[in-house]
Amino acid sequence: MTETGAPQTGARVLSGMQPSGDSLHLGNYVGALVNWVKTQQQYDAFFFIPDLHGITVPHDPAFLRERTRNTAAQFIAGGIDPERSTLFVQSHVPEHAQLAWVLTCITGLGEAQRMTQFKDKSAKEGTESASVGLLSYPMLMAADILLYQPHGVPVGDDQKQHVELTRNLAQRFNHRFGETFRVPEPFIPPVGARIYDLQDPTTKMSKSASSPNGLINLNDTDKQIAKKIKSAVTDDGTEIRFDRENKPGVSNLLSIYSAVTGKTVPELEAEYEGKMYGHLKVDLAEVVVAAIGPVRDRAAELLADPAELDALLAKGAAKAREVAAETLQTAYEKVGFLPAAAPTA
């Protein structure tokens with residue numbers, strides 16, 4: 001399997017998204033969720049909500065619970081089928097934290113400190129205020145992956161470093177203690193991998209956007225979506241063509257249009273030849289509303305019955321634990337832990 005190529009049909013893949021905002025956004029939907037839906041048609045797919053990662057920085061417990069449910073509802077509303085895929089919440093599978101400790105113990109301090117996530121956040125907030133959890137975040141991510149022995153991990157190109165660490169730790173463990181973990185490959189979807197901020201089209205669309213108008217959330221109303229697209233930053237000139245360097249605003253709108261409709265960028269360039277930016281924005285607003293509206297409405301239905309949603313997640317966690325427990329038991333045996341004896345009557 002190549003770096004950007006997918007594993008063979010029927011192989012196992014795994015991915016997840018943090019519940020770090022009140023809603024997933026269009027970049028999450030186009031760059032990940034749409035591709036996950038395709039992935040579950042071909043592979044043994046495991047999708048999870050990494051809430052353990054959500055406490056590496058200061059957080060509100062009530063918000064974390066609410067956002068975890070919101071994320072789960074939007075996964076399902078966006079097309080993840082709990083009957084076809086294994087969908088679960090990370091903290092519902094304790095093997096994640098258990099394996100993370102083992103992997104932490106074979107990770108060098110310098111190796112952990114070089115990870116981009118820790119460097120960026122500790123540089124911004126100061127090393128003294130950074131938690132040890134933030135430092136060990138990549139080892140937990142490695143455990144998330146290795147527990148399920150996946151063939152491939154669909155990730156954005158900004159997550160390649162984490163997958164490389166995961167591969168290194170898997171190889172290191174296997175070398176020291178014997179073959180235990182499958183060494184996974186990253187595969188990066190070639191379409192829709194990166195959507196940019198509507199107000200700053202040189203930066204990736206993110207929950208931490210400097211302006212809320214640069215971000216389209218999956219729970220936005222139709223009017224909010226249309227308003228944000230119509231106020232999106234464009235570029236000098238009037239020609240509608242894809243040129244990421246010289247026309248980042250229009251290029252971003254074309255990328256979104258292509259990802260949502262399946263039309264190629266050249267097809268869109270031909271369709272809008274001689275037209276103004278306003279025509280593109282009006283039409284783009286319509287197609288994004290058509291794509292996002294049903295997801296928003298279905299997620300609201302799921303959230304209206306939290307007991308049923310929680311039951312679906314519990315079922316997914318039980319399926320995940322069947323795989324995770326077996327992997328953890330093997331890893332524990334390899335490192336020399338004494339097996340727990342069954343209690344006597």
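Start with helix α2, residues 61-77 of this predicted model. The helix has 17 residues, and at 1.5 Å a residue it should span 24 Å. Its end C-alpha atoms are 24 Å apart, so expectation and model agree.

Both ends of α2 deserve a look. Just after the helix comes Gly 79, with a positive phi of about 120°.

Now turn to the buried residues of α2. They include Leu 64, Thr 68, Asn 70 and Phe 75.

Phe 75 leads on to the largest nonpolar core, which has 53 residues. Phe 75 and Leu 26 have the most contacts inside this core. Helix α11 (residues 277-303) gives the most to it, with 10 residues. Beyond its neighbours within four places in sequence, Leu 26 contacts Gly 31, Met 205, Ile 216, Leu 218, Ile 256, Val 288 and Ile 292. Apart from this core lies another, of 39 residues, among them Phe 46, Leu 146, Leu 165 and Leu 169. In soluble globular proteins, nonpolar side chains tend to be buried together.

Finally, take Leu 99, in helix α3 (residues 95-104). Its relative accessibility is 0%, so Leu 99 counts as buried. Leaving out residues up to four places away in sequence, Leu 99 touches Ala 143, Leu 146, Leu 147, Phe 181, Leu 328 and Ala 331. Leu 147 is 48 residues from Leu 99 along the chain, yet their C-alpha atoms are separated by 7.6 Å.

How values were computed. Residues numbered from 1 in each chain as written. Predicted model: local features only at pLDDT ≥ 70, side-chain atom pairs only at ≥ 80, totals over all residues. Heavy atoms only, no water. Core = buried A, V, L, I, M, F, W, Y, C linked by side-chain atoms within 4.5 Å. Buried < 20%, exposed > 50% of the residue type's maximum accessible area, 1.4 Å probe, protein only. Helix = DSSP H or I, 4+ residues; strand = E, 2+ residues; numbered from the N terminus. Contact = heavy atoms within 4.5 Å. Expected span 1.5 Å × (residues − 1).
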